[in-house]
Amino acid sequence: MSKFLKKAYPLLEGTVDLLGIDKNHLRKKMIDMSNKKTRSKQFHLKPNEILVLLPHCLQLQSCDIRITTNIYNCKRCKKCDIAEIVAVCEKYGVSVVVATGGTLARRAIVDIRPKGIIAVACERDLTSGIVDVGEMDVIGILNDRPNGPCIDTKVDIKKLEEAILFYLGGD
Ligand code: SF4
């Protein structure tokens with residue numbers, strides 16, 4: 001994503017809003033462009049150079065286990081996708097953090113200093129995250145929202161695993 005587009009993006013979104021056009025349409029285009037830019041490069045990262053950032057809404061709403069401080073607190077009951085996400089991240093040894101907002105996501109990036117980020121979120125949060133991280137390499141994966149926004153959302157685990165393998169330089 002060019003620096004210019006990243007700076008111009010908030011203005012673009014404001015214009016689209018004024019015109020009454022669905023903002024998610026623009027957001028999907030932005031995510032697509034950012035993903036294509038990342039995927040145009042070749043990576044051979046070490047597992048500890050990869051960070052998976054997740055939204056809290058992937059956790060089952062009725063589960064009271066605190067996974068925001070440490071996702072490995074998950075008891076892996078498989079009632080939500082967190083269990084499988086933890087298993088995949090553990091399998092490849094990559095870092096994984098549940099970020100309840102932009103500030104926590106930024107903190108995780110400062111702490112872990114990844115060379116490749118995989119971010120799972122809705123259109124709005126993914127685009128603001130992509131703008132936020134500037135020139136860093138991000139693969140954005142949209143979450144599925146069968147229960148509406150922000151409630152018991154889901155993610156395609158195959159897409160997550162494929163993104164990890166892409167950064168590792170595997171198949
Ligand atoms: S898999 Fe089970 S224990 Fe883990 S976060 Fe989901 S509901 Fe909670």
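**Entry 1: the ligand shell**

I count Ala, Val, Leu, Ile, Met, Phe, Trp, Tyr, Cys and Pro as nonpolar, Asp, Glu, Lys and Arg as charged, and the others, Gly among them, as polar. I am working with a predicted model. I started at the ligand. By class, its shell has eight nonpolar, one polar and three charged residues. I then listed the residues by name. They are Gln 59, Leu 60, Cys 63, Ile 65, Cys 74, Lys 75, Arg 76, Cys 77, Lys 78, Cys 80, Ile 82 and Ala 83.

**Entry 2: strand β3**

Next I looked up strand β3, residues 116–121. How many of its residues are buried? I found six of six, and the strand is mostly covered. I also noted the directions. Gly 116, Ile 118 and Val 120 point one way from β3. Ile 117, Ala 119 and Ala 121 point the other way. The residues of both sets are buried.

**Entry 3: the strands paired with β3**

I followed the pairing from β3. Strand β1, residues 50–54, is joined to β3 by four bridges, and the two run parallel. Leu 53 has Ala 119 of β3 as its bridge partner.

Then I turned to strand β4, residues 138–142. Five bridges join it to β3, and these two strands also run parallel. Ala 119 is bridged to Gly 140 in β4. The chain goes from β3 through α5 to β4, and I recorded this β-α-β crossover as right-handed. I noted one more pair: Val 120 has Ile 141 as its partner in β4.

Is β4 enclosed or open? I found that four of its five residues are buried, so β4 is largely enclosed by the rest of the structure.

**Entry 4: helix α5**

I moved on to helix α5, residues 123–132. Which of its residues are buried? They are Glu 123, Leu 126, Thr 127 and Ile 130. These residues cover an arc of only 95° around the axis, which puts them on the same side of α5. After the helix comes Gly 134. I noted that its phi is positive, near 60°.

I checked charged pairs next. Side chains of opposite charge can pair when their charged atoms come close. My count comes to eleven salt bridges.

The side chains of Arg 145 and Glu 123 meet in one of them, at 2.8 Å from N to O. Arg 145 lies in the loop between β4 and α6, and Glu 123 in helix α5, so the pair ties together parts that are 22 residues apart in sequence. I compared the cover on each partner. Arg 145 is partly exposed at 30% relative accessibility. Glu 123 is buried at 5%. I also found a network of salt bridges that links Lys 28, Glu 123 and Arg 145.

Another salt bridge joins Asp 125 and Arg 124, with the closest N and O atoms 3.0 Å apart. Asp 125 is partly exposed, with a relative accessible area of 36%. Arg 124 is partly exposed too, at 47%.

I looked up Lys 154 and Asp 81. Their side chains meet in a salt bridge, at 3.4 Å from N to O. Where do the two residues sit? Lys 154 is in the loop between β4 and α6 (157–168), and Asp 81 is in the loop between β1 and α3 (82–92). The pair links distant parts of the chain, 73 residues apart. Lys 154 is partly exposed, at 35% relative accessibility. Asp 81 is buried, with a relative accessible area of 9%.

**Entry 5: Ala 163**

My last stop was helix α6, where Ala 163 lies. Buried or exposed? Ala 163 is buried, with a relative accessible area of 0%.

Methods: Residues are numbered from 1 along each chain as its sequence is written. This is a predicted model: local features need pLDDT of at least 70, side-chain atom pairs count only at pLDDT 80 or more; totals for chains, interfaces and linings use all residues. Side-chain values use heavy atoms; hydrogens and water are left out. A residue is near a molecule or strand if one of its heavy atoms lies within 4 Å of it. Buried means under 20% relative accessible area, exposed over 50%, partly exposed in between (1.4 Å probe, protein chains only). The arc is that of the directions from the helix axis to the C-beta atoms. Two strands pair if DSSP finds at least two bridges between them. A crossover is right-handed if, with the strands pointing away from the viewer, the path from the first strand over the helix to the second runs clockwise. A salt bridge is a side-chain nitrogen of Lys or Arg within 4 Å of a carboxyl oxygen of Asp or Glu.
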